[in-house]
Structure formats: structure tokens, C-alpha cells
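Visitor: I am new to this structure and would like a close look at a single part. Please take me to one place where the two chains meet, and then show how that place sits among its surroundings.

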Amino acid sequence: MDDLIVEFITETSESLATLDNELVKLESNPQDEGILGNIFRIMHTVKGTCGFLGLPRLEKVAHASENVLGKIRDKKLDATPAAITLVLESLDKIKDLIDYLSANGEEGAGDDSELTGRLNYFADNGKIQEVELKAVVNSDVPQELHDIVESNDDFSSHFKGDDDPFMMEALERLAAEEAAKNPPVAVEPIVEIIVAPKPTVVAASAVVAKVVKAEDKKSTDSDNGANQSIRVSIDVLENLMQMVSELVLTRNQLMQIVRSKDDKELVAPLQQLSHITSELQEGVMKTRMQPIGNAWSKFPRLIRDLSLDLGKKIDLKMNGAETELDRQLLEVIKDPLTHMVRNSCDHGLETPAERLAAGKPEVGTVTLSAYHEGGHIIVEIVDDGRGVNIARVKQKAIENGLATEASLEAMSEKQIAQFVFAAGFSTAEKVTSVSGRGVGMDVVKTNIQKIGGTLDLDSTWGKGSKVAVKIPLTLAIVSVLIVESHGQKLAIPQINVLELVRAEPKSNVKIETINNALVIRLRDKLLPLAVMSEVLGFDCNHKDLVDKEVYIVVCRVGSYDFGILVDKVFDTEEIVVKPVSDIMKSITIYSGNTILGDGSVIMILDPNGIARTITNVDVSSRAEDSVASRAAVEEEKMVGFLSFTLGKGAPKAVPLELVSRLEEINVKDIEVAGNKPVVQYRGDLMRLITLDDEFTMPNSGTVDVIVFGYDKKVIGLVVNEIIDIVQAPFDIKVSSREAKQHGYLGSMLISGKTTDIVDIGYLLSDLVEEAVASMNSSGKSEAENKTILLVEDSLFFRNLTVPMLSAVGYKVTTAEDGKQAFDLLDSGNKKFDIIVTDLEMPVMDGFEFATACRKSTKVNGTPIIAYTASLSEEVMQHSKDVGMNDCVTKNDRIGLLDSVAHWLVSHKESV
Amino acid sequence: MSEALNIALALDDADQMYVTMRVDSQLFGIPVKNVRDVLRQQKITEIPLSSPEIAGSLNLRGRIVTVINLRKRLHLAACENDEKNMFVVVEHKGELFSLVVDSVGEVLTVSDFAIEKSPTNLNGKWKEITTGIHKLDGELLVIIDINSVLTI
């Protein structure tokens with residue numbers, strides 16, 4: 001790409017960001033000439049540069065929008081919200097064009113005359129109504145103007161150097177007169193007339209621009225000194241940072257050596273070196289620092305749009321926008337912050353009516369603030385809305401199986417509020433386009449945690465809520481606490497460490513046990529303990545620990561406090577985090593590794609992973625409970641459903657398992673291919689299904705679509721309205737053949753309402769047919785007479801998988817759980833060539849089933865393929881350990897067919 | 001003439017240099033282009049919970065190297081005298097790994113044409129990590145497939 005264009009893109013993107021905010025400011029202070037002048041100038045520069053670089057589309061849009069701004073600036077139009085909206089629209093268009101330009105190096109073909117037409121029409125039309133009256137009075141002027149316009153050459157000389165308002169007025173009068181003559185076709189002549197003398201209008205505006213430029217010079221002259229900066233590519237800085245980090249480490253190493261040698265000669269120069277290194281580090285860090293305001297810059301616009309969309313009055317306050325942090329971090333927190341601000345506006349703030357009723361001011365406030373606190377940066381998002389509904393969170397947590405009623409009883413309100421960060425958790429009663437889909441807060445949390453930050457939610461019902469994000473100043477260097485356990489040195493990130501406690505049998509802080517679980521009493525609260533050596537996989541006798549002197553590192557992950565029991569505690573060290581090797585990524589207790597001052601490698605612990613190990617202990621001990629209670633748990637096994645309305649009759653629902661996304665699709669984008677509605681979706685075509693004959697597609701606006709993904713293919717189910725995500729036991733009460741033919745499995749009760757369950761197998765049957773067709777015929781003959789045992793508890797997946805496998809030629813027998821399958825195999829009545837099993841099943845899960853199979857002489861040679869909804873490294877390793885041959889995810893049907901074929905062949909070979 | 005030259009060039013292309021090393025008296029070879037360094041005894045930090053093949057990690061001039069015990073990887077008995085062990089550092093997908101071996105030998109140039117597929121009766125673990133066998137005078141050289149040996 002041309003260097004000039006690259007430069008232009010960077011510069012314009014910056015200007016556009018400023019424009020967004022300036023416009024929103026203008027809307028609240030329509031009389032402020034300073035803001036207006038600034039806006040006009042930026043837009044003018046954009047237009048000018050586009051013209052210079054030969055980018056006609058951009059130029060036209062910028063020009064048209066400049067026209068409107070020019071009129072506002074000359075006080076011919078008011079900066080009404082309508083005007084601002086229109087200009088913002090043109091800004092969006094310019095952004096789109098710039099994006100395209102930066103991606104493709106050229107402007108691309110297209111026509112923006114619809115938008116420019118509207119802009120121009122607005123520029124002119126807004127005036128006409130005013131002038132119409134004048135036109136009647138000065139009815140003799142137009143003739144004069146006609147002459148001027150006809151002799152175009154003279155026209156410009158008439159106005160040379162003069163202010164253009166006179167000309168504008170004259171033109172408009174002319175237009176008005178024309179309009180008065182032919183009232184029925186008023187609009188078209190106006191456009192024509194305005195277009196005709198266009199060259200002169202441009203000339204006039206150029207004069208205006210010159211004046212503006214002169215003013216511009218004056219204002220920038222004063223702060224010229226502050227603007228001495230150069231552009232440096234990020235790579236260079238990144239590299240520099242890396243090297244400085246290494247330098248810091250080497251310095252630390254050197255210091256350590258000298259300290260042990262006690263060499264007086266070296267001390268002074270080393271001190272100097274140390275000093276310079278620190279300064280250098282600070283200096284380089286500074287180059288990467290950016291004010292957090294950069295990440296906030298789009299919020300005023302966002303809030304404005306949201307308040308229009310949601311019909312709420314929202315005021316945005318920003319404190320500490322100048323607080324600086326590492327640009328890498330800035331990038332990472334941008335999206336989470338946006339998400340949280342949206343959440344505050346959508347869920348937090350009430351409508352003006354609700355606010356008044358609650359005795360609050362009509363306008364809701366969202367406050368963003370940032371400040372430094374002990375080597376960290378705290379960013380707070382505070383709203384004065386309704387706060388988190390704790391009762392509702394409790395209810396949802398129970399429904400989603402995240403907690404039991406008893407465990408919730410024991411939690412503080414603050415702890416309960418943290419459930420909103422759990423995956424798939426939404427307490428919004430209504431799903432809106434803005435938020436409430438229950439995906440998001442968990443993503444926010446993971447993103448913040450990824451950069452070593454923490455998230456804290458405080459909320460008072462009726463008063464509002466506050467989310468505080470605590471992030472390190474920079475990613476590159478972190479402070480860690482070095483500890484020792486089982487002779488192994490380990491590092492714990494300082495950000496998670498609250499305090500250090502020494503426990504002794506005789507002191508008032510001592511370790512106590514409850515059924516082998518270790519706790520200490522810390523300021524009247526029980527703190528669960530994780531024994532580090534045990535976490536590391538070494539055996540450890542808890543009884544011994546009680547009588548020993550040990551150290552406890554009190555850590556906080558989110559709002560969960562726990563202690564890590566270690567043998568020794570050393571000092572803190574500043575280190576550069578390096579990622580662990582890919583082959584160790586599956587070990588969750590490490591977040592990275594690094595090289596210490598003495599040159600040794602040390603593993604950095606992830607307190608998150610450690611916290612999980614002690615909660616896991618809980619889960620496994622629960623599994624040892626009596627059979628009776630297990631049965632009770634199974635009965636309650638809940639399935640997630642997405643409920644929605646479709647056509648007439650009862651609400652409908654689909655199991656969440658296969659839902660990939662929820663989308664709003666513009667009806668205009670729906671096309672017809674092969675007699676069926678399709679829509680372009682992420683670079684592919686997505687077939688749309690309506691299911692209900694009575695359902696008629698609206699003619700305009702948007703429709704909600706549930707997207708089902710299956711093996712990289714997608715299919716969309718058009719629905720009237722999405723209601724909610726609910727958990728219910730899967731128990732179909734009524735089903736009929738007729739229902740099945742229409743794509744329903746039957747009806748059941750969800751949240752006390754009769755709900756029809758959509759048969760996903762039916763929806764996806766088209767896709768399955770395609771898959772079968774894609775299998776070649778040789779594969780088919782290979783498959784003849786082979787027998788497969790499919791172990792799968794979910795009716796949907798059985799419905800989906802059996803036809804697919806049998807279409808290829810396999811003979812499929814099904815079992816609903818591991819026990820049923822094993823009994824069938826163990827009886828010896830039937831033999832199978834291959835077994836495909838789900839992993840998560842009631843009674844006997846896939847792992848237990850595979851273990852049992854491998855122990856049994858009857859089936860120990862049969863290949864077993866795990867067929868699972870979610871595949872992780874752990875699952876793969878576990879399945880390998882229990883002797884399964886392969887793992888396939890449930891949405892990879894081709895993968896399943898391939899794997900089955902592969903293992904049938906290799907099984908034959910080995911026999 | 002030109003044809004003959006082309007063939008000669010092709011032969012040159014097919015020649016590969018291998019760093020040879022011994023584990024449990026078996027000779028192995030790794031393509032020279034993958035090898036970054038050969039080290040003597042090193043201080044290794046153990047990594048609890050990692051797979052048994054991973055001996056730990058070490059610091060090589062500021063970079064962290066994951067150490068893989070080739071004996072364990074090949075399911076051989078542990079070495080009695082591990083003080084003489086050598087560390088062959090290889091780079092793979094931008095990461096550094098080190099293979100612990102008993103000793104490191106000379107660098108051999110072998111033509112690709114002289115490499116045979118591994119025999120069918122070779123143990124599965126071994127078969128997995130070899131790309132082929134080269135017949136030297138008096139003994140066999142097992143060529144290691146870096147990609148598979150580092151897939152744990």
C-alpha cells in the first residue's frame with residue numbers, strides 16, 4: 001500500500017475518534033462555536049486529504065457532511081439531534097470506507113449517493129422552510145440570480161473573497177421560488193437547481209476553509225512546543241521493552257553475585273548501573289503508556305446511542321481519564337469495559353419513569369473512574385441504577401446448578417453477586433439486542449484474568465452497583481512472591497496475595513481439620529487451605545501439618561479467599577513472565593515460568609487453578625456419597641433450554657446443546673435460493689427455517705434467528721421472539737407422530753408452562769443428508785455389515801447420529817448409558833465391531849464404561865471412540881488413560897465417520 | 001551435460017546432516033538444521049504434575065528450555081550414571097526443547113535415498129518417533145522425527 005495512504009488511514013482514524021466525541025459534546029452545547037469550529041476543521045481536513053489522494057467516494061461523503069456542518073457553523077441550521085445523527089451516520093460511513101481501504105488498499109466500488117443526497121437535502125431543506133416567507137417578499141431578486149447562474153464565469157468573480165452567506169441565500173431564494181412555482185414536484189427541482197451551480201459553492205467553501213485554516217494556525221502556534229512527537233512502530237517499542245526486561249534480569253543476577261562476593265570495588269559502579277537500568281526501564285515503560293481515556297473515547301457516543309435505543313436518560317461521567325497504563329493492557333480491557341458499560345446502561349439503569357417512581361433523578365448516571373493504587377490501576381464502573389437482584393441471582397444459580405440452596409445460605413450477598421460472572425448466566429428477564437444473553441460477563445472475567453487482573457462486584461439493591469477492575473500497570477514485568485514447597489521453589493503473583501500468616505500449634509493461629517479438610521481461623525473467619533505439596537502431586541499427611549510450623553499465603557481469586565500452605569517464604573521479586581511450553585498448557589496450576597536473579601528457572605503458579613483444585617476435592621468427595629443420594633441427583637439432572645415463541649400456540653424450546661449463536665437478521669438481507677430463504681452469514685450461506693407454516697416473515701425490520709452450528713455448517717431457525725434460557729429436567733410428556741413430522745419431538749413442562757420441544761435432528765436432517773452424500777461409495781461398501789454400539793444418553797444426539805451412521809451402511813445399536821451398554825456387551829449376546837460413546841452420562845459415564853470394557857475379556861479389543869460435546873486436553877488425556885482409541889467432538893460428524901472407518905480398519909489389521 | 005548436473009544437484013539436495021547421539025547404546029540421529037546447541041550437565045528445575053517424559057526446564061542464555069528425557073520417552077530403563085548426560089537443544093515451532101541423551105557423537109552426512117522405512121516389527125513407541133533407519137557400516141542409525149518426539 002502507498003505510504004501516503006497508510007499515513008492517511010492512521011491520521012483519519014484518530015480524527016474520526018475525536019469527531020465522534022466532539023459531535024456528542026456539540027449536541028449538548030449547540031451554541032459552542034469552539035467545538036463547532038473544531039468539528040468543521042477536522043471534517044474539512046478529511047475531505048481535503050481524500051481529494052488529494054484521489055479517493056472520490058470518501059471525498060463525496062465528507063463533502064456532503066461538511067456542507068451540513070458548514071450550515072450549522074454559519075448559523076443557518078441548528079445543531080439539532082437529527083442533524084447530529086445524520087452527521088454521525090456519515091462518520092460511520094467514512095469509517096466503513098476507511099476500514100475497507102486499510103484492508104484492501106483501495107476504496108472499493110459502491111454508491112453513497114443515497115447518504116450524500118440525504119445530507120445535501122438536509123443542508124438545503126432545513127433552510128427552505130424559513131426562506132419561503134422571504135421569497136414572497138423579495139420576489140424581484142430571482143431574475144437577477146437566474147442571470148448570474150447562467151453566466152457561470154462571472155459568478156465566482158461576483159463573490160471573490162466575499163463571504164458566501166449572501167450567495168447561499170440567493171441560491172436558496174432561487175430554489176424557494178422554483179418550489180413555489182411548482183408545488184407538487186417541489187423536491188426535485190430544488191435538487192437540480194442546487195446541483196447546477198455546485199462548482200461555485202465548492203469555491204466558496206474553499207474560501208471559508210482558508211479562513212478556518214488561518215485560525216487553526218493561530219491556535220496551534222501557542223502549543224507548538226508540546227507537539228514535538230514522532231511516530232514509532234509498535235514492534236520497535238515491543239522489542240525495546242523485551243530487551244530492557246532482559247537487562248533488568250541480568251542486573252538482578254549481577255547484584256546477587258556481588259552481594260555474595262562482598263567486593264567493595266564493584267559496589268559503586270554496580271549501584272550506578274542498577275540506577276540507570278531502573279531509569280531506562282521506567283523510560284521505556286513510559287513510551288508504552290497511554291492515558292486510559294483512549295479506551296474510553298468511544299463511550300460518549302456509545303452512551304448516546306444506547307440512551308436513544310433503550311429510551312433511558314443516561315449521563316456519563318469520566319474521572320481520571322489521564323491515568324496511564326500499558327497500551328497492550330489498554331487493548332485488552334477495551335472490550336470488557338465496553339461490555340460492562342453496556343451492561344450498566346441496559347440492566348443497571350432503570351427507565352426514567354421507574355427512576356422517578358423510586359425517588360431518583362430522572363437521568364441515570366454511569367461513572368467511569370481510574371486511579372493508581374499500590375502498583376495497580378483500578379478502573380471502576382459505577383451506576384446508580386437498580387443494582388443486582390440478589391434473590392434472582394440465587395434463583396438462577398440454583399436453576400443453573402451452580403450452587404445449592406444450602407451453600408447459598410452460607411454466602412454473603414457479595415459472594416452471591418459474583419455468580420453473574422459465571423458462564424451462561426443472565427438474570428435479565430428479557431433478552432435485548434444490547435445485552436442479557438448470558439454470554440459476556442464470563443468472557444469479561446476471563447479477559448481480565450488473562451492479564452493478571454481481578455474483578456470485584458459490589459451492589460446494593462435499589463441503589464446501584466460498582467464493578468472494580470484491578471489490573472497491573474504493565475504486562476511485561478510482574479511482582480511475585482517466591483515460596484518453597486516440597487523442596488521446590490515456586491512463584492505466586494503478588495496481585496493475588498493478600499497477606500502472609502505463620503501458623504504454629506502453640507500460637508493463636510493454628511491449622512485445624514474437618515474431615516481431613518484443612519482450615520485456619522483468620523479474624524473470626526474460616527479460611528480453606530490448599531496444601532501446596534499436595535497440589536503438586538506429592539503425598540502429605542494432614543495430621544503432621546497440624547503440629548508443624550508452616551506458612552500460609554492468603555490469596556484472593558475474584559471474591560474467593562483461600563490459603564496456600566507452603567514450607568518457606570522468601571522475598572518478592574520482579575520478573576518477566578514467559579509462557580509455559582505448549583506441551584504443558586494442560587496443567588492448570590501454572591500461569592507461566594520465568595528466570596530468577598540466580599539464573600534458575602521457576603514456575604509461576606496460577607492461584608485460579610489452585611483454587612479449583614481445592615473445590616474439585618469437594619466434588620470428588622461428593623461422588624463417594626451413597627447410591628441413594630446419587631440417584632436423587634440424577635433425577636434432578638437438568639438440561640438447558642432456550643425458549644422462544646414461534647407462530648401461534650405454546651412457547652417452543654430447543655436444548656442449548658447445539659445452539660451456537662443468537663442473531664438478529666435484517667429482513668432486507670434475506671434472499672431466496674432454491675426456493676428456500678437463505679441469508680449471507682459470516683462469508684457463507686445460511687439456510688433459514690421457519691418451521692411453522694403460519695409464520696409469516698415481516699416485510700421490514702429484523703427477525704430473531706437461532707443459529708445451530710454443526711460441523712462448520714450453520715442453519716438458522718427464524719423465531720418471533722426469544723424468551724429466556726431455562727433449566728429443566730428433560731422429560732417429554734406428550735409426543736405424537738404428527739408432531740414429529742412437523743419438526744417437534746413433543747411437549748413438556750418448562751417453568752410451569754407447556755412447551756413444544758423442537759427436534760434439532762429434524763432441522764439438521766438436510767445437513768446430515770449432505771454429509772452422507774459426501775461419503776464416497778467405497779467407504780460405503782467398507783461399512784456394510786459392520787456393527788456399531790452407540791452409547792448416548794441424549795435423545796437428540798441419538799436421533800442425529802443413528803441415521804447418519806446407518807446411512808453410510810453401519811448397523812447401529814443404541815444404549816442410553818454406560819451401564820446399559822456394558823450389560824449388553826457383558827451378556828455376550830451381541831458383538832460389535834466398534835463402540836462410540838458419549839462421555840457424560842447418568843449411572844455410568846463414558847470413562848467408567850471404557851475402563852470396564854478394557855477390564856472385560858469379552859470386549860477389551862473393541863475400539864472405543866469418545867463422542868463428546870466439549871473436548872479439552874484433560875478430557876483427551878483422561879480418555880486415553882482409560883483406553884479409548886479416539887476422541888471426536890459432537891459437532892464434527894465427518895470426523896466421527898472418519899474415525900470410525902479408521903479404527904475399523906486398524907482393528908482388523910491388528911487382529 | 002546439463003542433465004547430469006541437475007542430477008548431481010538433486011543428490012546434493014537429498015544429502016542431510018545428522019547430529020548423532022546414543023541412548024541405551026542405540027545410535028539416533030537428528031537433522032542438524034533443528035539443533036541449536038549441545039550442553040553438558042545443567043541445573044534443571046523440575047515441574048511437578050507434568051508428564052513423566054518431561055524432566056523439567058532449564059535456562060539457556062535467558063530462554064527457557066523444556067527438557068525431555070529421551071529414555072523415558074522411549075520407555076527405556078532410567079540411566080544409572082546420569083552425570084555424564086548430554087543435552088541436545090532443538091528448536092521446534094519457535095520453542096526450545098532439550099533432549100537428554102547418554103552421549104553425543106559426530107555429525108554424519110546421509111543421503112535421503114539411503115534411508116529406509118522403519119521395519120514393521122518395531123515397537124509402537126519407537127515407530128511413532130522415527131522417520132526412518134539408515135544403514136551405517138556395522139550399525140543402524142535411527143532418524144528421529146522431531147515433531148513426533150516432542151508431541152507428548
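Guide: A definition comes first: helices (H or I, at least four residues) and strands (E, at least two) are DSSP runs, numbered from the N terminus. The model is a predicted one. In those terms, Ser600(A) belongs to the loop between β17 (590-595) and β18 (601-605) of chain A. Ser600(A) counts as buried because its relative accessibility is 11%, and buried means under 20%. Setting aside neighbours within four places in sequence, the contacts of Ser600(A) are Thr594(A), Ile595(A) and Lys43(B).

Across the interface, 22 residues of chain A are in contact with 20 residues of chain B. The size of an interface is often given as the accessible area lost when the parts come together. For chain A and chain B about 1,700 Å² is buried between them, with 63% of it on carbon and sulfur atoms. Salt bridges across this interface number zero by the rule.

Of its 152 residues, 44% are buried. Among contacts in chain B with a separation of 6 or more, 55% join residues 24 or more positions apart. Chain B exposes about 8,400 Å², and carbon and sulfur atoms supply 50% of that area.

The buried residues of α4(A) include Ala83(A), Ile84(A), Leu86(A) and Leu101(A). Just after α4(A) comes Gly105(A), with a positive phi of about 75 degrees. Helix α12 (residues 264-288) of chain A has 25 residues, which should span 36 Å at 1.5 Å a residue; the end C-alpha atoms are 37 Å apart, so the two values agree. Among the buried residues of α12(A) are Leu270(A), Ser274(A), Gln281(A) and Arg288(A).

Another loop of chain A, between α10 (198-222) and α11 (234-261), holds Val232(A). Is Val232(A) buried or partly exposed? Val232(A) counts as partly exposed because its relative accessibility is 42%. Together with Ile230(A) and Val236(A), Val232(A) makes a nonpolar surface patch of about 300 Å².

Technical notes:
Residues are numbered from 1 along each chain as its sequence is written. Chains are lettered from A and ligands numbered from 1 in the order in which they are written. This is a predicted model: local features need pLDDT of at least 70, side-chain atom pairs count only at pLDDT 80 or more; totals for chains, interfaces and linings use all residues. Side-chain values use heavy atoms; hydrogens and water are left out. Patches are made of residues with over 30% relative accessible area and no salt bridge: like charges are joined within 9 Å, nonpolar side chains (Val, Leu, Ile, Met, Phe, Trp, Tyr) within 5 Å. Accessible areas come from the Shrake-Rupley method with a 1.4 Å probe; for residues, only the protein chains shown count as cover. A salt bridge is a side-chain nitrogen of Lys or Arg within 4 Å of a carboxyl oxygen of Asp or Glu. Buried means under 20% relative accessible area, exposed over 50%, partly exposed in between (1.4 Å probe, protein chains only). Contact means heavy atoms within 4.5 Å. The expected span of a helix is 1.5 Å times one less than its number of residues. Buried area is the accessible area (1.4 Å probe) that two parts lose on being put together, summed over both.
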